[in-house]
Amino acid sequence: MAKKSRNYAGFTVIELLIATAVFSVVLLVFVSSFLRISQLFYKGINLSNTQETARNAVQNIANDIQFYGNSPQFFPAQSYFCIGKHRYTYKVGTQYTPGSSTDIGIMKENVNACGPGAPNISTAAELLDPGMQLNNIQFNNCQFGQCTISMHIVFYGSDPSVLTPNAQDPNAQCSGPDNSTQYCATADYSATILQTF
């Protein structure tokens, strides 16, 4: 009687270990690429939102200057200015927190007469989004028929250490690699308005 040879099909333990190692490396590359893409995505979203907010804030002020046809009345010591029947109260270097009467960005409210005072949180409109901070606002040449408004806004989530040189600097910028600054964005926006008298 002849012996029948058995031909077993399958993988050896070494082949399985090699396949598992190759699969793990491919999976690791895929996951790290996905994380990098998501960091860049969030960085882009935050940058876009910050730039849009800065543009809208400057446009609000510019519209008032054009509509009312007069120069802003400035009161920098009290951190407000008035244009027509609107008072803009601002706080430089403080992150805007919704519902707070002290941690504001730049608030616009209707007033009968220009004067100091805390903004009425229930009726005033905040021009910044939560987590954003007004770091600099300037008006130039507003008495000569045109007015230039410049604004610097930062967004840094809950980690102020991602801003250089610091979070209160008028020209603070995001610093470090993208994985540490994905939730950090800065925007500079300026506009020149021709005043109608």
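Trainee: In what order do the elements of the protein run from the N terminus on?
Mentor: They run α-β-β-β-β-β-β-β-β-β-β. This is a predicted model.

Trainee: How many helices and strands does that come to?
Mentor: The secondary structure comes to 1 helix and 10 strands.

Trainee: What about the overall dimensions? What box do the C-alpha atoms fill?
Mentor: Along the principal axes, the box is roughly 115 × 30 × 30 Å.

Trainee: And what radius of gyration does the protein have, against a compact globule of 197 residues?
Mentor: The protein has 28 Å, whereas a compact globule with that number of residues would have a value near 16 Å.

Trainee: How much of the protein counts as buried?
Mentor: Of its 197 residues, 36% count as buried. The accessible surface comes to about 11900 Å², and carbon and sulfur atoms hold 58% of that.

Trainee: What share of the contacts is between residues 24 or more positions apart?
Mentor: That share is 54%, taken over contacts with a separation of 6 or more.

Trainee: Switching to charge. How many positive and negative side chains are there?
Mentor: There are 10 positive and 11 negative side chains. The centres of the two sets lie 17 Å apart.

Trainee: Now the cysteines. What does the disulfide count come to?
Mentor: The count comes to 2 disulfides. In one of them, Cys82 and Cys114 are joined, with their sulfur atoms 2.0 Å apart.

Trainee: Which parts does that pair tie together?
Mentor: Cys82 lies in strand 2 (residues 80–83), and Cys114 lies in the loop between strand 4 (106–110) and strand 5 (125–126), so the link ties together parts that are 32 residues apart in sequence.

Trainee: Is the link of Cys82 and Cys114 right-handed or left-handed?
Mentor: It is right-handed, with 85 degrees about the S-S bond.

Trainee: Is Cys82 buried or exposed?
Mentor: Cys82 counts as buried, because its relative accessibility is 2% and the cut-off for buried is under 20%.

Trainee: What about Cys174 and Cys184, how far apart are their sulfur atoms?
Mentor: They are 2.0 Å apart, and the two residues form a disulfide. Cys174 lies in strand 9 (residues 173–174) and Cys184 in the loop between strand 9 and strand 10 (185–194), so this pair ties together parts 10 residues apart in sequence.

Trainee: Which hand does the link of Cys174 and Cys184 have?
Mentor: The link is left-handed, with -95 degrees about the S-S bond.

Trainee: Which relative accessible area does Cys184 have?
Mentor: Cys184 has 0% and is buried. Cys174 is partly exposed, with 24%.

Trainee: What is Ala172 in contact with, leaving aside its neighbours within four places in sequence?
Mentor: Its contacts are Asn135, His152, Val154, Leu163, Thr164, Asn166 and Thr186. As for Asn63, which is 109 residues away along the chain, its C-alpha atom is separated from that of Ala172 by 27 Å.

Trainee: And Thr89, which strand is that in?
Mentor: Thr89 lies in strand 3 (residues 86–90). Its relative accessible area is 7%, and Thr89 is buried.

Trainee: What touches Thr89, again leaving aside neighbours within four places?
Mentor: Thr89 is in contact with several residues, among them Ser79, Tyr80, Ile104, Met107 and Pro119.

Terms used:
Residues are numbered from 1 along each chain as its sequence is written. This is a predicted model: local features need pLDDT of at least 70, side-chain atom pairs count only at pLDDT 80 or more; totals for chains, interfaces and linings use all residues. Side-chain values use heavy atoms; hydrogens and water are left out. Helices (H or I, at least four residues) and strands (E, at least two) are DSSP runs, numbered from the N terminus. The radius of gyration is taken over C-alpha atoms; the globule rule is 2.2 Å times the number of residues to the power 0.38. Buried means under 20% relative accessible area, exposed over 50%, partly exposed in between (1.4 Å probe, protein chains only). Contact means heavy atoms within 4.5 Å. Accessible areas come from the Shrake-Rupley method with a 1.4 Å probe; for residues, only the protein chains shown count as cover. Lys and Arg count as positive and Asp and Glu as negative; His and the chain ends are not counted. The place of a charge is taken as NZ of Lys, CZ of Arg, CG of Asp or CD of Glu. A disulfide is a pair of cysteine sulfur atoms within 2.5 Å.
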